[in-house]
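Please look over the sequence and the three-dimensional structure below before reading on.

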Amino acid sequence: MPKTEQSTSSQGFRKTGEQAISQTPLHPRRRSRRIMVGPVPVGGGAPISVQSMTNTVTADINATLQQIAELAAAGCDIVRVAVPSQDDADALPIIAKKSPIPVIADIHFQSKYVFQAIDAGCAAVRVNPGNIRKFDQVGPEICKAATDAGISLRIGVNAGSLDKDIYARYGGPTPEALVASALKEAHMFEDVGFHDFKISVKHHDPVTTVQTYRLLASKGDWPLHLGVTEAGPSWQGTIKSCLAFGALLAEGIGDTIRVSLSAPPVEEVKVGCKILEYLGLRQRHFDIISCPSCGRAQVDVIELAKEVTEGLKDITAPIRVAVMGCIVNGPGEAREADLGVASGNGKGQIIIKGKVVQTVPEDQIVPTLLERAKEIAAQMDAKAAAQGETLPEAGPMVVPVTGRAS
């Protein structure tokens with residue numbers, strides 16, 4: 001571990017949460033060993049990190065670095081880049097050096113790119129032993145190179161690329177088949193004394209994903225990377241990921257996550273961060289409470305909520321804003337938020353910390369809420385700064401708990 005931290009400390013990564021333990025209020029975290037991906041700890045109770053993958057051609061260095069910067073701004077902690085060609089491998093030294101977050105090189109088939117990625121200064125390498133040619137021969141060399149460089153590896157099994165023999169033995173990509181494949185790969189590393197790796201066992205079905213990770217988690221203490229592979233378009237993939245991640249993280253299973261969407265990578269990061277926020281595993285940022293559309297509403301709540309969300313999308317302070325459309329739940333919900341509005345009869349009551357501070361015409365609700373919200377957010381930022389704290393834009397957050405886990 002010290003070697004890994006020392007080897008990456010000079011790259012200027014932003015500081016991430018390193019204080020020991022992160023815990024969900026729902027269940028104790030599973031005990032796993034800790035590895036490092038650059039300066040980001042994974043496993044051993046470390047704050048759960050959010051990953052994504054660039055969809056640029058890695059050889060296009062400027063485009064790739066621009067997208068990495070956008071991902072980092074959205075809250076991404078670790079980024080993966082594809083390396084299917086020699087040109088991509090040649091771009092890695094510059095990308096690894098200039099990236100604001102640790103870079104994982106994604107390698108398939110060509111083992112020579114693994115060694116190039118390690119030499120390039122990547123924080124980790126994702127390898128799939130099942131499709132690396134002659135892995136039995138090059139595997140020990142890869143482990144030695146990673147050890148010498150002080151970096152970690154990720155091995156993973158996808159339902160779509162399951163070993164043919166295992167597929168035939170289990171009759172398909174069942175949880176038992178995926179775990180058997182993962183154990184086979186893990187033992188390849190451990191047999192040569194390499195332990196700085198995490199495992200993923202991905203399936204497109206959230207129920208199978210949950211069953212598979214539960215089974216794998218019972219077999220050893222490896223850090224686990226959660227993912228629902230090929231989850232689909234944004235709305236469908238978000239639902240699948242929330243179901244699988246919610247179930248697993250609520251049970252304490254999982255050390256780092258990637259939401260896989262057929263959508264811009266930034267959307268993956270936004271969903272991943274919100275999953276962790278709502279499970280109490282990452283410091284909450286801006287949150288909106290709004291009532292559903294119903295026959296009681298006396299204003300267009302859908303449009304109000306949309307405009308307020310858009311106007312506050314760049315707020316990072318943990319402010320909660322309630323946008324309510326009638327008098328049934330409106331006043332009560334608004335009182336529970338930092339800021340809220342209870343709307344009806346062509347006007348809105350602006351409520352701050354449970355007190356009505358202003359009544360405005362309906363057409364002034366949104367601008368008034370935005371103005372008040374930004375004032376409160378600025379006060380939160382100032383208070384945090386005065387106490388020597390920060391409200392970071394990104395990076396895995398630590399939720400304080402009593403006690404520690406190994």
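## A strand covered on both faces

In this predicted model, strand β7 is covered on both of its faces, since Ser152, Arg154, Gly156 and Asn158 on one side and Leu153, Ile155 and Val157 on the other are all buried.

The neighbours of β7 can be described one by one. Strand β6 pairs with β7 in the parallel sense, and within this pairing Val125 stands opposite Leu153, while Val127 stands opposite Ile155. Strand β8 also runs parallel to β7, and the bridge partner of Val157 in β8 is Val201. Strand β6 is itself covered on both faces, with Ala124 and Arg126 buried on one side and Val125 and Val127 buried on the other. Strand β5 pairs with β6, again in the parallel sense, and here Ala105 has Val125 as its bridge partner in β6.

Helix α4 (residues 111-120) forms a right-handed β-α-β unit with β5 and β6, and helix α5 (residues 135-149) forms a right-handed β-α-β unit with β6 and β7.

| Strand pair | Residues given | Sense | Bridges |
|---|---|---|---|
| β5 and β6 | β5: 103-107 | parallel | 4 bridges |
| β6 and β7 | β6: 124-127 | parallel | 4 bridges |
| β7 and β8 | β8: 197-202 | parallel | 6 bridges |
| β14 and β15 | β14: 347-352 | antiparallel | 6 bridges |

## An open sheet and its helices

An open sheet of 5 strands has the order β11-β12-β13-β14-β15, and its pairing is mixed. Its edge strands are β11 (residues 287-290) and β15 (residues 355-361), each of which pairs on one side only. From one strand to the next, the twist averages 20 degrees. Strands β14 and β15 pair in the antiparallel sense, and Gln349 has Thr359 as its bridge partner in β15.

Helix α11 (residues 301-311) packs on this sheet, where it touches β11, β12 (residues 320-324) and β13 (residues 339-344), and its direction makes about 160 degrees with that of β12. Helix α13 (residues 365-386) packs on the sheet as well, touching β12, β13, β14 and β15, and its direction makes about 165 degrees with that of β13.

## Cysteines

The count of disulfides in the model comes to 0. For Cys273, the closest cysteine sulfur is that of Cys76, and because the two sulfur atoms are 7.8 Å apart, they are too far from each other for a bond, given that a disulfide requires a pair of cysteine sulfur atoms within 2.5 Å.

Is Cys273 buried or exposed? With a relative accessible area of 5%, Cys273 is buried, and Cys122 likewise counts as buried, at 2% relative accessibility; both follow from a cut-off under which a residue is buried at under 20% relative accessible area.

Definitions and conventions: Residues are numbered from 1 along each chain as its sequence is written. This is a predicted model: local features need pLDDT of at least 70, side-chain atom pairs count only at pLDDT 80 or more; totals for chains, interfaces and linings use all residues. Side-chain values use heavy atoms; hydrogens and water are left out. Two strands pair if DSSP finds at least two bridges between them. Helices (H or I, at least four residues) and strands (E, at least two) are DSSP runs, numbered from the N terminus. Axes are lines fitted to C-alpha atoms, for helices over the stretch in contact, and angles run from 0 to 180 degrees between N-to-C directions. Contact means heavy atoms within 4.5 Å. Buried means under 20% relative accessible area, exposed over 50%, partly exposed in between (1.4 Å probe, protein chains only). A crossover is right-handed if, with the strands pointing away from the viewer, the path from the first strand over the helix to the second runs clockwise.
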